Amino acid sequence: MMYICLFFKNQKILGGWFSAGAVGSRQINMESIFHEKQEGSLCAQHCLNNLLQGEYFSPVELSSIAHQLDEEERMRMAEGGVTSEDYRTFLQQPSGNMDDSGFFSIQVISNPLKVWGLELILFNSPEYQRLRIDPINERSFICNYKEHWFTVRKLGKQWFNLNSLLTGPELISDTYLALFLAQLQQEGYSIFVVKGDLPDCEADQLLQMIRVQQMHQPKLTGEELAQLKEQRVQKTDLEHVLEVNDGTGMLEEDEEELQRALALSRQEIDMEDEEADLLRAIQLSMQGTSRNR
């Protein structure tokens, strides 16, 4: 069996180094999983592109689809009369398919997928649940909570969380997949099953032949930034201390704190010595008692 380790770079994962047992210990480096990271509020774009494994859609294209859907809704409303109260109210409302932040509706996501014959079915709908399909037998899921969309997809024989808020794809085991989806539902996510044949992609073809062994779990992009910021702050503080001391010694306050710490340490050592002496005395006393018996 062959394993591939994941290393992250820009929007893609370089399918780092793996060894193929059939060809000896030779190591190969190849591109693997496509993964767009979060930019602004363009999670719908990232969700679609990560699902299809390529740069298929841009904000401009998705905006065009949203405007088209808005126009179709307007025409349907106009059928009831352009002078009706409902129609005038509809014209005054903002678009239900997009907003200025870059958020797009489920209709905008599902509409372009029809080009590939793909359909979205609500995972917890009674119709789907009656089918009793094991999640691992599906190919992909689209998850939504409030204004965030992301994809969970099978590539080769393994599942990956392709959330754009992560620093890279997250490997999900078959045994954990059902629990992962159930946890998302408890957190309030809507989950859609993607039905149909997804377009061919390099990662799926590659991972049909090898299995991934993830060495490090990806972090949320915010956590990574916070960690880097904390490291920079610590480094700056250390540099400031060294600059103030200028190699000549510590400041008076620091020296006083050190002296107090040393004094406390000596007290603790003295107490430990006293306790040790007491224990030895008790042991000797017990030995003497045993001899007198």
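Predicted model: local features only at pLDDT ≥ 70, side-chain atom pairs only at ≥ 80, totals over all residues.
How accessible is Arg88: buried, partly exposed or exposed? At 40% relative accessibility, Arg88 counts as partly exposed.

View 1. His148 has a relative accessible area of 12%, so it counts as buried. Leaving aside residues up to four places away in sequence, its contacts are Gln38, Cys43, Cys143, Asn163, Ser164 and Leu165.

**View 2. Now for Cys43, found in helix H1 (residues 43-52).** With a relative accessible area of 3%, Cys43 is buried because anything under 20% falls in that class. Once residues up to four places away in sequence are set aside, Cys43 touches Gln38, Glu147, His148, Trp149 and Ser164.

**View 3. Two salt bridges are shown here, each within a helix: Arg74 with Glu71 in H2, and Glu85 with Arg88 in H3.** A search of the whole structure turns up four salt bridges, and this pair of examples is among them. For Arg74 and Glu71, the N to O distance is 2.7 Å. They're three residues apart in helix H2 (residues 59-78), so about one helical turn separates them. Arg74 is partly exposed at 25% relative accessibility, and Glu71 is partly exposed too, at 35%. In the other pair, the closest N and O atoms of Glu85 and Arg88 are 2.8 Å apart. Again it's three residues and about one turn, this time in helix H3 (residues 85-92).

**View 4. Arg139 and Asp204 form a salt bridge (3.2 Å, N to O) that links distant parts of the chain.** Arg139 is in the loop between helix H5 (126-129) and strand E6 (140-145), while Asp204 belongs to helix H7 (residues 202-209), 65 residues apart in all. What about burial? Arg139 is partly exposed, with a relative accessible area of 30%, whereas Asp204, at 15%, counts as buried.

Technical notes:
Residues numbered from 1 in each chain as written. Heavy atoms only, no water. Buried < 20%, exposed > 50% of the residue type's maximum accessible area, 1.4 Å probe, protein only. Contact = heavy atoms within 4.5 Å. Helix = DSSP H or I, 4+ residues; strand = E, 2+ residues; numbered from the N terminus. Salt bridge = Lys/Arg side-chain N within 4 Å of Asp/Glu carboxyl O.
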